[in-house]
Number of protein chains: 2
Amino acid sequence: MTSSGPAAICIDWGTSSFRAYLVGVGGTIIERVESARGILTIAKGEHEDVLAHFIGGWLTSARALPILMSGMIGARQGWVEAPYAPCPAGLREIAASIVTVGARTFGAIGLVPGVSALDRNGAPDVMRGEETQILGALAALDRVDGTFVLPGTHSKWARVEAGRIVSFATYMTGEVFSALKDHTILGRLMEAGPGDEEGFAEGVRAASRLERPGDVLHAIFMTRTLGLFDRLGSGQLSDYLSGLLIGAELLSGARGAQGAIVIGSPALTARYCAAGAILGLALQPSPEDCAPLGQLALLAHWRPA
Amino acid sequence: MTSSGPAAICIDWGTSSFRAYLVGVGGTIIERVESARGILTIAKGEHEDVLAHFIGGWLTSARALPILMSGMIGARQGWVEAPYAPCPAGLREIAASIVTVGARTFGAIGLVPGVSALDRNGAPDVMRGEETQILGALAALDRVDGTFVLPGTHSKWARVEAGRIVSFATYMTGEVFSALKDHTILGRLMEAGPGDEEGFAEGVRAASRLERPGDVLHAIFMTRTLGLFDRLGSGQLSDYLSGLLIGAELLSGARGAQGAIVIGSPALTARYCAAGAILGLALQPSPEDCAPLGQLALLAHWRPA
C-alpha cells in the first residue's frame, strides 16, 4: 500500500500549535513541520502567508497535492468557519461537510468541520480537530467502535459505533488545572519539580474516594492543607492536583472507560494510563499521528465542489 | 443586659478586609470601622500602626478595653501565628488557645486561633475567623448544635454538637468561580450584567443533574456552549456558572444542609438560600455581625496569661 511519492498535505492547525504533514499513499509521513503558530497568533488575512511559509516548498517540488486542514482553523476565529457536523458523524458525514477555501497560492484547500452533539440533558457540546484524530485512530487500529479519550486543555471523551461518533463530552481538566495552579491559593505552596509519581498517585486515590459531584470543590483544597501539614512535599503538590483532576475525569468518563483508547502526546497518554491503572481501568494508547491518518481517510470520501 | 458604655474592642482581620467593632456589654455595636486593609496589604511590623490608625481614637476616650482579634491575622503570614485548635473545639477550647500579642500602644491583645480538623479520609482542613463567627451565631440564636455554612472565596461547612465544632470542610467555590471566569475560555463570552436570576437557577438545576464527582469538569464547559448556541445570553453566563458551582457545593455539603444556617453578607446569603430553595433545601440566614458576638463570648472564657 505504501508509495514513494507524496499523496496529500495534511494540516492540523489548532489554537496554540500548527502541524503539517507531507503524507504518502499508505499514510507514511514523508516530512513534517511543527510550530507554535496556532490560530491565536495569526491575524485575519494572514493565514495563507503563514501556510506558504511552512509548506510552500512541498508544492514547488511536486504536482498539485490535495490539502486538508482540521482543528480550530475552522472555528469562527480561524481562517474560514466550517459549521459543525452533528452527531452521529463518521467519514461520510464529515467529508460531506468539508468546506472549500479558495487560496491564491494553493488552489482549493479542504477545511474539515468540527462535530457537535447534545448530552443526555440536551446541553450542546463541540469538538474541532479531535473528530479527525478519532477517524485516524479507527483507521490505524482497524476498528469501527470503542471509547476514545483525547486528554488535554479540553479533554474529549467520544463513543464510536459502526464507524460514527455517536456522542461525546468535553472535560475542562487541563484548563482547570492551569487556572487553579496559576490563579488560586493552591499554587502558592507549589514548587516546580521533575514530576512526582507518588504525589500523582495520591491525587488519583483521593479522586476515587469522592462521592458527590461537588466533593471536588472540597478535595482540591487538600492540595493546600496537605502541603501546610507537611503530608506532601512542595514538589509533589502540582502532581497531586493533576492526579485528583485526571482521576475525577476518568471516573466520570468511566461510564465507558474500560478499554478506552487514549489519543494524545506520549507523556499525557502515559499519565492517563497510569491513573487508569490505579483505578482498575485498562486504557490503551493509540498510534501517534492520528490527525494525518484521519485526513487521509477523509480524502477518500471528499468530493470537492 | 445592655449598657451604655463600651465593653470590648473586637477585630475581624482577614486576607482582604479589616473590620473593627466597639462593642457594648450585651453585644450592642457602638461604633464600627471597615476597610480594605486586609493582611495581604500589610508588611511585617506594620500591624500595630495600622491598628492604631483605625482604633486609636477608641482608646483615648475610654478606659483600657480588652481587645480580641480573629481571622487570618493569626496566620503565619499575619501579625503573630496562633496555632490551630483541633476539633472538637468550642468556646472553652478556643479561648484556652488564644495567643497574647504584646503591643506598645495597646498592651495585651488576644489573638483567636483558627481551628483544624481531619476529614473522613484523614486529610487535614483549616479555618481562621469562621470559628469565631460560628460561636457568635450560636450565641445570637441561642443554639448549641446545627450545620453552619459560611459562603465565600473558601466556603466552610461546619457541624456543631453540644456547643463545639466537631467537623468541617472547605469548598473553594468562590475562588474557583473567579479563576474560571477570569482565567479560562469560559470568561470570553461573558458580559457583566446586573445579576440574572434565571441564568443562576439554570446553573443550580444543572448541578442537580450531575451524577459523579468528575461530572463538574464537564458541566462547567456548558457555560461556553450554551452561550455559543444562544441558549443563554452573554449576560447570563456568569450567573449560570455561579449557580452551577454553588449548587454543586450545596449538594455535596447536603449531607447536613437541610436547615443549615448561612453566615455571610446579605447578598451571598440570599444567593445560597435561593439555590437551596431550588434544590429543596431550606437554609436559614444568621444574624449579621457574628464575629464580634463570637469574640464577646470568647472574652468571657479568656484568662490572659
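Me: Which residue of chain B comes closest to the rotation axis?
Reply: In this predicted model, a rotation of 180° with 0.0 Å of shift along its axis places chain B on chain A at an RMSD of 0.0 Å. The two copies are thus related as by a two-fold rotation axis. Judged by C-alpha positions, the residue of chain B that comes closest to that axis lies 1.8 Å from it, and this is Pro213(B).

Me: How many residues of chain B are in contact with chain A, and which element of chain B gives the largest share of that side?
Reply: The contact involves 40 residues of chain B and 40 residues of chain A. The elements of chain B that give two or more residues to this side include the strands β9 (124-127) and β12 (164-171), together with helices such as α4 (173-183) and α8 (237-253). By class, the side of chain B that touches chain A has 24 nonpolar, 10 polar and six charged residues.

Me: What is the order of the strands in the five-stranded open sheet of chain B?
Reply: The edge strands, each of which pairs on one side only, are β12 and β14 (284-285) of chain B. Strand β11 (residues 155-161) of chain B pairs with β12(B) in the antiparallel sense over seven bridges, whereas strand β10 (residues 146-150) and strand β13 (residues 261-262) of chain B run parallel and are joined by two bridges. With mixed pairing, the order in chain B is β12-β11-β10-β13-β14.

Me: Which residue in the turn between β11(B) and β12(B) has a positive phi?
Reply: The two strands form a hairpin with two residues between them, and one of the bridges across the pair joins Ser155(B) to its partner Tyr171(B) in β12(B). Six of the eight residues of β12(B) are buried, so this strand is largely enclosed by the rest of the structure. In the turn, the residue with a positive phi, of about 50°, is Ala162(B).

Me: Which residue of β7(B) is the bridge partner of Leu68(B)?
Reply: Leu68(B) belongs to strand β4 (residues 67-70) of chain B, where Leu68(B) and Ser70(B) point one way and Ile67(B) and Met69(B) the other, all of them buried. Strand β1 (residues 6-13) of chain B runs parallel to β4(B) and is joined to it by four bridges, with Cys10(B) having Leu68(B) as its partner. β4(B) also runs parallel to strand β7 (residues 107-111) of chain B, through two bridges. In β7(B), the partner of Leu68(B) is Gly110(B).

Me: Is Met127(A) buried or exposed?
Reply: Met127(A) lies in strand β10 (residues 124-127) of chain A, and, leaving aside residues up to four places away in sequence, it touches Gly114(A), Val115(A), Lys156(A) and Phe168(A). A residue counts as buried if 20 or more other C-beta atoms lie within 10 Å of its own. Because Met127(A) has 23 other C-beta atoms within 10 Å, this residue is buried.

Me: How far apart are the C-alpha centres of domain 1 and domain 2 of chain A?
Reply: The domain assignment of chain A gives domain 1 as 6-142 and domain 2 as 171-285. Between the C-alpha centres of these two domains, the distance is 31 Å.

Note on methods
Residues numbered from 1 in each chain as written. Chains lettered and ligands numbered in written order. Predicted model: local features only at pLDDT ≥ 70, side-chain atom pairs only at ≥ 80, totals over all residues. Domains from an automatic or database assignment. Least-squares fit on C-alpha atoms with pLDDT ≥ 70 in both. Buried ≥ 20, exposed ≤ 12 C-beta atoms within 10 Å, placed from the backbone. Contact = placed C-beta atoms within 7 Å. Nonpolar A, V, L, I, M, F, W, Y, C, P; charged D, E, K, R; others polar. Pairing = 2+ DSSP bridges.
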